Amino acid sequence: MRIILLLAVALAVICTAAAQGRLLDLPQIELCDNRPKQWKFGNHYYFFSWDQDGPDFKETNPKTGQVEGRKVDWLDARNFCRKRCMDAVGMESQAENDMIFDFIKRRNITYIWTSGRLCDFKGCSEREDLKPISVKGWFWSNTNTKMAPTNAVPPGWSYQPWSDKGHTGGPQPDNAEFDINQTSESCLGVLNNLYNDGIKWHDIACYHKKPFICEESDELIRYVEGLKRQQGQGQQGNRGQGNNGNGNQGARGHFGG
Ligand SMILES: *[C@@H]1O[C@H](CO)[C@@H](O)[C@H](O)[C@H]1NC(C)=O
Ligand SMILES: *[C@@H]1O[C@H](CO)[C@@H](O)[C@H](O)[C@H]1NC(C)=O
Ligand SMILES: [Ca+2]
């Protein structure tokens with residue numbers, strides 16, 4: 001069963017980011033038109049941030065003076081994708097997850113951010129269907145799709161993508177950093193064997209900096225097509241009706257069944 005979270009994509013980030021005064025970015029027409037199309041899977045193109053050039057993806061290491069792949073926090077990862085009509089990757093199927101794990105393995109990448117997010121922000125606690133939150137509260141923010149409960153192999157999958165190891169020894173998600181200093185591990189990264197556990201999903205505090213994989217967003221592509229139509233009709237100063245400018249398309253959405 002595939003349950004769509006009709007909660008607005010942005011809600012998680014709006015609430016999380018509000019404290020830091022940071023919001024989701026809207027796509028930009030030129031960046032969308034020139035979005036990197038590194039490889040295709042199903043109907044979507046993908047790219048790995050460190051394989052791209054430019055200041056969003058490369059930075060100079062102050063110690064060595066070398067230009068290297070940029071590491072960013074979870075929200076920046078999403079925003080660098082979103083500006084390009086993409087979003088951080090979401091692995092809603094085993095086939096897609098296999099594809100991402102294979103890429104990480106083949107390229108020997110240490111870790112990446114995904115769009116995975118824990119619903120632990122405003123509006124989540126009223127949702128009985130998300131309790132207990134550590135088991136039923138995870139979703140892919142790029143497509144607003146609920147993940148399967150974390151404590152079992154997802155239905156239709158042949159393996160458990162969450163690691164059975166971590167900082168505290170136990171299975172993921174373990175919210176380990178919260179126990180150290182009350183920083184919630186609300187974001188989902190893929191780690192490559194950092195706990196001698198192979199390539200696996202881990203809950204990680206969102207401020208940590210990592211490279212990322214972007215996946216095309218049907219919603220943002222449609223949004224930019226609408227923008228272009230408006231501009232073609234000579235309407236100006238009307239950037240996307242129904243969108244409050246924060247990428248938050250009706251934060252009053254409901255989870256569907
Ligand atoms: C893969 O990456 C790890 C960590 O960066 C490194 O120690 C190892 O030598 C690499 N393996 C290969 C085959 O490149
Ligand atoms: C929490 O602990 C981690 C791991 O020791 C550390 O990297 C991080 O900076 C700490 N965060 C805060 C807010 O103290
Ligand atoms: Ca963890």
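Modeller: Helices (H or I, at least four residues) and strands (E, at least two) are DSSP runs, numbered from the N terminus. Proline 132, for example, lies in the loop between strand 6 (111-118) and helix 5 (133-136). The chain has seven helices and eleven strands. Residues are numbered from 1 along each chain as its sequence is written, while chains are lettered from A and ligands numbered from 1 in the order in which they are written. This is a predicted model, so local features need pLDDT of at least 70, side-chain atom pairs count only at pLDDT 80 or more, and totals for chains, interfaces and linings use all residues.

Colleague: Over which residues does pLDDT stay under 50?

Modeller: pLDDT is the predictor's confidence in each residue, from 0 to 100. The chain averages 87, and 82% of the residues score at least 70. The values stay under 50 over residues 1-19 and again over residues 237-257. Where pLDDT is low, the predicted coordinates should not be read in detail. Two residues are in contact if their C-beta atoms, placed from the backbone, lie within 7 Å. Beyond four places in sequence, the model has 56 contacts for residues 1-19 and 43 for residues 237-257.

Colleague: How many residues of helix 3 are buried?

Modeller: A residue is buried if 20 or more other C-beta atoms lie within 10 Å of its own, exposed if 12 or fewer, and partly exposed in between, with C-beta atoms placed from the backbone. Of the 257 residues of the chain, 38% count as buried. Helix 3 is mostly covered, with eight of its nine residues buried; among them are Trp74, Leu75, Phe80 and Arg82.

Colleague: Which residues have the most contacts inside the largest nonpolar core?

Modeller: In soluble globular proteins, nonpolar side chains tend to be buried together. A nonpolar core is a set of buried Ala, Val, Leu, Ile, Met, Phe, Trp, Tyr and Cys residues joined through C-beta atoms within 7 Å. The largest here has 45 residues, and those with the most contacts inside it are Ala77, Ile100, Val190, Phe212, Ile213 and Cys214. Helix 3 (residues 74-82) gives the most to this core, namely five residues. Not counting residues up to four places away in sequence, alanine 77 touches Val72, Ala88, Trp113 and Phe212.

Colleague: What is the order of the strands in the open sheet?

Modeller: Two strands pair if DSSP finds at least two bridges between them. The open sheet of five strands has the order 8-7-6-9-10, with antiparallel pairing. Its edge strands are strand 8 and strand 10, each of which pairs on one side only. Two bridges join strand 7 (residues 138-140) to strand 8, where lysine 146 is the bridge partner of phenylalanine 139. Six bridges join strand 9 (residues 187-192) to strand 10, and valine 190 has tryptophan 201 as its partner there. Strands 9 and 10 form a hairpin with six residues between them, and asparagine 193 in the turn has a positive phi of about 65°.

Colleague: Why is strand 10 described as largely enclosed?

Modeller: In a regular strand the side chains alternate between the two faces of the sheet. Strand 10 (residues 199-204) is largely enclosed by the rest of the structure because six of its six residues are buried. Ile199, Trp201 and Asp203 point one way, and Lys200, His202 and Ile204 the other.

Colleague: Which residue does a cis peptide bond join to lysine 131?

Modeller: That residue is proline 132, and omega is about -5°.

Colleague: Is asparagine 108 buried or exposed?

Modeller: Asparagine 108 counts as exposed because it has 8 C-beta neighbours inside 10 Å. It has a positive phi of about 55° although it is not a glycine. Asparagine 175 also has a positive phi, near 50°, but it counts as buried because it has 20 such neighbours.

Colleague: Which residues are around ligand 2?

Modeller: A residue is near a molecule or strand if its C-beta atom, placed from the backbone, lies within 6 Å of it. Around ligand 2 these are Glu177, Ile180, Asn181 and Thr183.
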